[in-house]
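Could you walk me through this structure step by step?

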Amino acid sequence: MGKKKDINKMFSSHVYEEKTHEPKKVPFKILIVCEGDKTEPEYFKSFKENDVFVINMDTDGGKINTIQVVEKAIKLRDKNSSRPYDRVWAVFDKDDFPAKDFNDAIIKAQKENIGCAWSNESFELWYLLHFCNVTTAITRKDYIEKLNENIRSKDSKFKYEKNNPNMRKILSQYGNETQAIKFAKTLTNNWEGSNYASQNPATTVYKLVEQLLGFDKALIDELKADMEDH
């Protein structure tokens with residue numbers, strides 16, 4: 001049982017090495033398969049607005065359940081084995097899916113070396129963390145109400161819509177992405193065990209976002225080593 005501790009798209013992107021001089025581009029490809037057909041795909045597509053990290057993007061999303069998201073990610077990864085992706089991700093929420101399905105999807109992703117950006121209970125938790133820390137379980141409806149409340153304090157005309165292609169821009173303008181990453185890390189680190197369905201609130205979307213921003217040191221080191229070998 002999960003308990004608190006005591007203490008789908010393809011991107012042709014770039015990671016930048018931190019140097020004292022001009023940074024060196026390290027190209028990489030990421031495949032992201034999303035459960036949702038609007039919210040998550042639109043959010044991740046928005047990273048192409050920053051051509052430093054996302055140069056070209058092809059979205060892959062659809063109304064499929066948790067296990068199907070992971071299976072689709074595996075299928076697309078294997079299908080493109082001649083031009084392999086550097087990282088493959090599955091993105092899905094707990095929502096109303098059975099706990100077993102949610103847990104099994106995450107465990108399968110781990111066994112298949114598929115990155116898993118899951119949220120409990122929904123993707124909107126990641127959005128809300130741009131404005132405040134969320135430490136107790138609340139519903140998707142509550143996420144949206146709090147999002148509207150926080151953003152309307154700065155833009156009175158704002159009304160949250162799931163398929164809004166400008167959400168990352170709005171979050172960057174009125175919220176704090178660095179803070180969201182910090183809060184999300186703390187949330188996930190507060191839980192232990194493999195009963196992910198009981199880990200509420202929690203989201204690992206920050207791991208994928210850090211990778212898209214070029215902050216994944218393990219990936220950078222791996223890509224640099226591959227470049228040196230060639």
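Phe102 is buried, because its relative accessibility is 0% (buried means under 20% relative accessible area, exposed over 50%, and partly exposed in between, with a 1.4 Å probe and protein chains only). You will find Phe102 in helix α3 (helices are DSSP runs of H or I with at least four residues, strands are runs of E with at least two, and both are numbered from the N terminus). This is a predicted model, in which local features need pLDDT of at least 70 and side-chain atom pairs count only at pLDDT 80 or more, while totals for chains, interfaces and linings use all residues. Residues are numbered from 1 along each chain as its sequence is written, and side-chain values use heavy atoms, with hydrogens and water left out.

What does Phe102 touch, not counting residues up to four places away in sequence? Its partners are Thr66, Phe92, Asp93, Lys94, Trp118, Ser119, Tyr196 and Ala197, where contact means heavy atoms within 4.5 Å. Thr66 is 36 residues from Phe102 along the chain, and their C-alpha atoms are separated by 6.0 Å.

Thr66 also brings us to a helix pair. Helix α2 (residues 66-79) packs against helix α3 (residues 99-111) at an angle of about 20°, with the axes 8 Å apart; axes are lines fitted to C-alpha atoms, for helices over the stretch in contact, and angles run from 0 to 180 degrees between N-to-C directions. So α2 is roughly parallel to α3 (angles under 35 degrees count as roughly parallel, over 145 as roughly antiparallel, 65 to 115 as roughly perpendicular and the rest as oblique). On the α2 side the contact includes Thr66, Ile67 and Val70, and on the α3 side Asp101, Phe102 and Ala105 are among the residues taking part.

Now look at a second pair. Helix α7 (residues 177-189) and helix α8 (residues 205-212) have axes that come within 9 Å and cross at roughly 140°. That angle makes α7 oblique to α8. Here Glu177, Ile181, Ala184, Lys185 and Thr188 of α7 meet Tyr206, Val209 and Glu210 of α8.

Glu177 and Val209 turn up again around Tyr43, which is also in contact with Phe123, Trp126, Tyr127, Arg168 and Leu171, leaving aside neighbours within four places in sequence. Tyr43 belongs to the largest nonpolar core, which has 41 residues; Ile32, Tyr43, Phe44, Trp126 and Tyr127 touch the most other members. Such a core is a set of buried Ala, Val, Leu, Ile, Met, Phe, Trp, Tyr and Cys residues joined through side-chain atoms within 4.5 Å. A second, separate core of 22 residues includes Phe102, Ala109, Ile114 and Cys116.

Cys116 is buried because its relative accessible area is 12%, whereas Cys132, at 24%, is partly exposed. The whole structure has 0 disulfides, a disulfide being a pair of cysteine sulfur atoms within 2.5 Å.

Let us finish with the loops. Asn113 sits in the loop between α3 and β6; its phi is near 60°, a positive value in a residue other than glycine. Asn113 is exposed, because its relative accessibility is 68%. The peptide bond from Asn120 to Glu121 is cis, with omega near 25°, and Glu121 lies in the loop between β6 (115-120) and α4 (124-128). Another cis peptide bond joins Asn200 and Pro201, with omega about 10°.
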